[in-house]
Amino acid sequence: MLPTTNYQLPTFPITILAIESSCDETSAAVCCDGKILSNVIANQTVHEQFGGVVPELASRAHLQNIVPVVHTALHIANCQLSSLDAIAFTQAPGLIGSLLVGTQFARSLSLALDKPLVAVHHMQAHVLANLIGEDKPAFPFLCLTVSGGHTQIVLCESPVRLKVIGETIDDAAGEAFDKSAKMLGLPYPGGPLIDKHAANGNPKRFKFPEPQIPGLNFSFSGLKTSILYFLKNAGESNVFKEAFLADEATRQKFITRNLDDICASIQDRIISILLNKLKKAATETGINDICLAGGVSANSGLRKAFKALGEKEGWKTFIPAFEYCTDNAAMIAITGYYKFLEKDFVGLDVSPSARAEW
Ligand code: KG4
Ligand code: ZN
């Protein structure tokens, strides 16, 4: 078993191989002293025909992808297995079968190379994606993390001291995008497609309600229901009224004719829900360095509105580069690096966890 407490940290440079396999992207990255040398991502297209991620197919695809992805990441970084100082991997949360592939692979490499193993929480990694690159936020900073499974406001006191101060009580922001897209007949994942259509639409054309949730928590399920009835009623009303329900042909015609405006209006409401809470969190904490993270931070409308709000409020704003917003191993590598400096290692008996606590 590898030493965990009296382990002597190697002198710099510290080279870490990281593996991410929590959902439907197989990714590997190499970082050296906190600098990303490679970040290889294999997307799984097999799920498109099913309108969502099929867990069993995801884990099978990870099994096929993991060796070539790791191999390519090492090759691009010009790095030998023998030069690695640690193996980092996503331990939680995610699809258990998918996590198992990355965890088992990392454990095997750690055993074979006799190098420490660093377990990384996926949501911490999304936040710390903001520490990749030259322009970094100063501690303490706030991060609005918006992904397919989570919506959180995180207070980050150091790379390893993070506290969730607000989160969704039902759907995540990414789910709100994906479920809205599904109702509009768009394929999975719908978030990027709503983004694309919204770019040509009028965000103020249709009004969707803003939930009144106390504190810093979010809710998106009411919005989802109002969109459902808005479409069922072909735009006549977003309140449930049997008498209004339009026939299928009328609904389809309404969606086709107004798709850009509908997407822009849905996106506008999701953005206002997110940014109103973020503004509240910044006011309450007095923190001025504010970050975005997670797959939904790739949304062009959100990025623009976030920067505009930052300018108005006098914040210093940070958003990871596009490739570090959606799931990637570079964010696991940077988190692994900071945990490595803390000697925060796990034993070879570590197992993955689908649950979200951290
Ligand atoms: O962080 P992520 O890659 O995976 C999770 O950890 O969940 O986030 C995936 C989510 C999906 O819901 C996807 O639709 C959404 O991010 N997403 C977007 C955009 N790109 C990805 N949502 C809106 N606009 C985008 N451009
Ligand atoms: Zn993610």
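Visitor: Which strands does helix H2 lie across, and at about what angle does it run to E4?

Guide: This is a predicted model, in which local features need pLDDT of at least 70 and side-chain atom pairs count only at pLDDT 80 or more, while totals for chains, interfaces and linings use all residues. Residues are numbered from 1 along each chain as its sequence is written, and side-chain values use heavy atoms, with hydrogens and water left out. Helices (DSSP runs of H or I, at least four residues) and strands (runs of E, at least two) are numbered from the N terminus, and angles run from 0 to 180 degrees between the N-to-C directions of axes fitted to C-alpha atoms, for helices over the stretch in contact (heavy atoms within 4.5 Å). Helix H2, residues 96-113, lies across strand E1 (15-20), E4 and E5, and its angle to E4 is about 155°.

Visitor: Which strands stand at the edges of the sheet?

Guide: Two strands pair if DSSP finds at least two bridges between them, and the open sheet has the order E3-E2-E1-E4-E5 with mixed pairing. Each edge strand has a single partner strand, so one side of it is left without a neighbour in the sheet; these are E3 (35-43) and E5 (117-121).

Visitor: Is Ala77 buried or exposed, and what is its relative accessible area?

Guide: Ala77 lies in the loop between helix H1 (55-76) and E4, and, leaving aside neighbours within four places in sequence, it is in contact with Val30, Leu37 and Ser38. Buried means under 20% relative accessible area and exposed over 50%, with partly exposed in between (1.4 Å probe, protein chains only). Ala77 is therefore buried, its relative accessible area being 11%.

How values were computed: Chains lettered and ligands numbered in written order.
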